[in-house]
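Look through the sequence and the model below before reading on.

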Amino acid sequence: MTDKFMYGAPILQGSATTPGVQIPKELKVLIPEILKACTDFGLDYYSTVIQMLTYDEMSEIASYGGFPVRYPHWKWGMEYEEMQRGYMYGMHKIYELVINSNPCYIYCLNSNTLLDNVTVIAHATGHNHFFKNNIYFKHTSQNMINELANHGSRIRKYMQRWGKERVIEFIDHLLRIETLVDPIKAWETRQVKNPIVRDERKYRYPKRININGDRNYMDNWINTKEYVNSEKSRIEKEEKTEELGILKHPERDIFGWIMENIPLKPWQADIMNMIYDEAMYFSPQGATKVGNEGFASWIDYNIIAKQGLCALGQKNHDEGIVEYSIHKAGVLGGKYSTNPYKLGFNLLCDIEEKWNKGRFGHEYDMCDNFKQKENWDLNLGLGKEKVFEVVKLYDDVNLIREFFTQDFCDKYEFFDWKKHPSGEYVIESRDAKKIKQKLIQKHTNRGLPDIRLADHNHLNRNIMLLEHQWEGRQLYTPYVEETMKSISFITGRSILLVSKNENEDEVIFYCDENDGLNVYKLSREEYKREFGLTKG
């Protein structure tokens with residue numbers, strides 16, 4: 001591993017005016033035509049900057065999460081080495097990288113063929129449109145390439161002042177909890193806590209059912225004494241809850257709660273705020289992987305194949321389609337692949353076909369004539385419009401929930417399987433509802449467990465109580481232990497996490513802050529004995 005990742009050195013050490021590898025002349029003259037075809041097709045995208053990289057440089061940018069400069073950390077070097085080995089041994093190849101920013105940066109690989117680069121520019125422009133128009137990216141920063149560079153600069157200063165090892169250790173702990181955020185918080189306005197001390201109280205009043213002026217005599221019968229007393233009781237509980245600082249509901253944004261409520265040193269608080277902003281920036285990408293990759297694949301299919309831009313730069317107008325088909329087959333991954341490219345592409349193609357032929361709505365759903373449904377075609381031509389609407393409004397879970405139908409399941413031969421005791425794999429079901437549920441589970445919360453903060457002062461002992469929202473999958477113990485240790489290290493508190501084991505029996509993980517951050521696994525009875533909750 002090179003030292004540059006520990007120092008966060010920028011890559012793209014090209015000339016003073018143009019970094020990286022020069023774009024070949026034969027591709028440079030085609031770029032305006034590719035972008036014009038994308039615009040004419042209806043794409044609305046950010047201004048585009050296209051750069052050419054060697055695979056070594058592409059691996060460096062990919063290891064930095066798609067950005068040319070990040071803060072110094074050993075994990076970038078680990079990811080770089082993994083990508084380099086994968087490329088050397090033919091395990092994978094990165095054709096392009098796209099950054100969600102304005103302008104949008106598209107990095108192309110210099111070892112690609114001319115047709116590959118024509119294809120990936122059209123594909124990446126589809127991503128560009130998605131970033132600009134999908135509602136889940138509405139609140140992401142469009143200047144992140146500069147913000148991340150600034151983060152790197154500030155963190156380097158903290159390393160010089162407080163020591164590289166000390167700062168990196170703190171970042172290690174933050175990276176273990178960076179997925180414990182609530183993406184919905186991006187829609188809320190973050191407010192800086194006012195340092196001025198104010199002694200004020202918000203008064204609440206019992207809710208009353210309004211009565212028209214000429215029916216005031218009904219007030220005592222409608223707003224009864226029991227109803228008013230129950231409202232007063234509710235208000236009293238809410239005020240006591242706020243006074244004691246008790247959470248009203250389990251808090252999903254554990255990272256954000258720690259950042260706002262746990263006292264830290266100024267340099268730690270600043271770094272935590274930076275890592276939180278980065279986690280919130282990347283969060284929508286994890287929630288829209290299927291839709292984003294599917295749409296970009298759908299765009300390059302329409303632009304390169306249907307409109308014939310595969311012939312750009314070729315000797316004859318009918319060349320390039322075979323090479324494009326081979327490229328496309330490799331990306332989609334085969335007939336039974338469920339990778340995001342294939343699943344998203346098939347869903348959008350199916351949506352396009354259904355809305356072109358009018359295969360939706362009450363009349364179509366109620367039709368029980370198989371032959372009539374098979375030949376159903378109202379020639380509405382609404383497919384492209386519907387795809388753009390879906391791209392604007394849906395994340396992966398909603399996309400799968402609404403459009404993964406039994407017709408789609410049968411058409412693309414989805415099935416659920418299990419391993420037979422003999423070792424043979426057999427098809428268990430072709431029911432779209434069961435398969436859809438597994439796909440939704442796979443893409444909900446980016447496939448990660450949903451952990452929430454239930455009580456920040458459990459048993460009044462300054463213990464944080466976390467709850468795993470059980471969805472049928474048990475937690476991976478090594479990850480649980482490291483994450484709990486990191487939360488305890490940052491907060492200075494002991495941690496409890498309630499979950500279940502493979503038999504769905506309750507299990508409680510306990511990280512004791514006073515016992516070297518060791519993590520123990522307890523049953524409910526052991527937990528009660530440990531904390532003195534048993535009677536007698």
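Is L393 buried, partly exposed or exposed, and why? The model is predicted, and in this model L393 has a relative accessible area of 41%. Buried would require under 20% and exposed over 50%, so L393 counts as partly exposed. The residue is found in helix α18, which covers residues 383-393.

Strands of a sheet pair through backbone hydrogen bonds, and the pairing can be parallel or antiparallel. Here five strands form an open sheet in the order β6-β7-β8-β9-β10, and their pairing is mixed. At the edges lie β6 (451-458) and β10 (518-522), each of which pairs on one side only. From one strand to the next, the twist averages 20 degrees. A helix also packs on this sheet: α11, residues 254-261, touches β6 and β7 (463-468). The direction of α11 makes about 35 degrees with that of β6.

The β9 and β10 end of the sheet can be followed residue by residue. Strand β9 (residues 506-512) runs antiparallel to β10, and five bridges join the two. Together β9 and β10 form a hairpin, with five residues between the strands. In the turn, G516 has a positive phi of about 65 degrees.

Note on methods: Residues are numbered from 1 along each chain as its sequence is written. This is a predicted model: local features need pLDDT of at least 70, side-chain atom pairs count only at pLDDT 80 or more; totals for chains, interfaces and linings use all residues. Side-chain values use heavy atoms; hydrogens and water are left out. Two strands pair if DSSP finds at least two bridges between them. Helices (H or I, at least four residues) and strands (E, at least two) are DSSP runs, numbered from the N terminus. Axes are lines fitted to C-alpha atoms, for helices over the stretch in contact, and angles run from 0 to 180 degrees between N-to-C directions. Contact means heavy atoms within 4.5 Å. Buried means under 20% relative accessible area, exposed over 50%, partly exposed in between (1.4 Å probe, protein chains only).
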